[in-house]
Amino acid sequence: LIKKLADKVSTLPENDFDGTKINSFLWNPTYQIAEVGFGDLSFLIKMAILTKKPLRPKVISKDKELWELVKPIVRYLEKTNPGKIHGTIVLSNLRAGHTVPEHRDYRHDSRDIDLLNFSNQTRRYHIPITTNKDSFFKNGDTTIHMKVGECWEINKGNIHSVRNDGPTDRINLIIDLVPDSI
């Protein structure tokens, strides 16, 4: 499956990887497959709480074949994480020679309790689709090399960084699983 996915990803036009869109992946180009909703996530969470309606993730990829390749991975992760549904799903391209500086994907000291609770309940998975031996993910004091096809759960609240010192791009499938009810 990962080989088929890598083959498919290699056919995606480079300009479909958006390096300018304001999203949670500011440092490297991403290809959006699905997202929780459009606009301010904090507002969407508050609306879901007030209306008692769950967030409705949307598959937004124009490439249906890509979604069909990703879907079994997503469904497996949903099955092994009861009470969770997919949220944002992206292909993240860390180009050769580039880095993502140390950061947290959300702030622990946020005053928005609803957003903080949601963020704490969200699980993020990285699955390398293409990589090279000189691409590393650092979480705190631990540095790892993620191999193609491995599935890593990342605590996005911890300080982390990524570097790709290799000669080829590193593309990860990133899947967020969010609470199916708030």
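This is a predicted model: local features need pLDDT of at least 70, side-chain atom pairs count only at pLDDT 80 or more; totals for chains, interfaces and linings use all residues.
Colleague: How many bridges join strand E1 to E3?

Modeller: Four, and strand E1 (residues 30–35) and E3 run antiparallel. Two strands count as paired if DSSP finds at least two bridges between them. The names are DSSP runs numbered from the N terminus: helices are H or I with at least four residues, strands are E with at least two. Residues are numbered from 1 along each chain as its sequence is written, and side-chain values use heavy atoms, with hydrogens and water left out.

Colleague: In what order do the six strands of the open sheet come?

Modeller: Read across, the order is E2-E1-E3-E10-E5-E8, with antiparallel pairing. The edges are strand E2 (58–59) and strand E8 (152–154), each of which pairs on one side only. Further in, E3 and strand E10 (residues 170–179) pair over nine bridges, with His 86 opposite Leu 177 of E10. Over at E8, there are three bridges to E5, and His 126 stands opposite Trp 152.

Colleague: Is strand E3 mostly covered or mostly open?

Modeller: A word on strands: in a regular one, the side chains alternate between the two faces of the sheet. As for E3 (residues 84–94), ten of its eleven residues are buried. Here buried means under 20% relative accessible area, exposed means over 50%, and partly exposed is in between, using a 1.4 Å probe and protein chains only.

Colleague: Which helices lie across those strands?

Modeller: Two of them can be traced here. H1 lies across E3, E5 and E10, at about 75° to E5. H3 lies across E1, E2, E3, E5 and E10, at about 130° to E3. The axes are lines fitted to C-alpha atoms, for helices over the stretch in contact, and angles run from 0 to 180 degrees between N-to-C directions.

Colleague: Which residues of helix H1 are buried?

Modeller: Start with the general idea: an α-helix has 3.6 residues a turn, so residues three or four places apart point the same way. In H1 (residues 2–10), the buried ones are Leu 5, Ala 6, Lys 8 and Val 9. Seen down the axis, they fall within an arc of 165°, so they line one face of the helix; the arc is that of the directions from the helix axis to the C-beta atoms. Facing away from that side are the exposed Lys 3, Lys 4 and Ser 10. The buried residues pack against helix H3 (64–79), E3, strand E5 (123–130) and E10, where contact means heavy atoms within 4.5 Å.

Colleague: Which residues have the most contacts inside the largest nonpolar core?

Modeller: In soluble globular proteins, nonpolar side chains tend to be buried together. A nonpolar core here is a set of buried Ala, Val, Leu, Ile, Met, Phe, Trp, Tyr and Cys residues joined through side-chain atoms within 4.5 Å. The largest has 24 residues, and the top two for contacts are Leu 91 and Leu 173. H1, E1, H3, E3, E5 and E10 each supply at least two residues, and H3 gives the largest share, seven. Among the residues that Leu 173 touches are Leu 5, Ile 33, Val 70, Leu 91 and Ile 127, not counting residues up to four places away in sequence. There is also a second, separate core of seven residues, including Val 100, Ile 144, Ile 154 and Val 162.

Colleague: How many salt bridges does a search of the whole structure find?

Modeller: Side chains of opposite charge can pair when their charged atoms come close. The cut-off is a side-chain nitrogen of Lys or Arg within 4 Å of a carboxyl oxygen of Asp or Glu, and the search finds nine. One is Asp 7 with Lys 3, at 2.8 Å between the closest N and O atoms. Both lie in H1, four residues apart, about one turn of the helix. Asp 7 is partly exposed at 37% relative accessibility, while Lys 3 is exposed at 58%.

Colleague: Which parts does the pair Asp 63 and Lys 8 tie together?

Modeller: Asp 63 and Lys 8 form a salt bridge at 2.8 Å, N to O. Asp 63 lies in the loop between E2 and H3 and Lys 8 in helix H1, so the pair ties together parts 55 residues apart in sequence.
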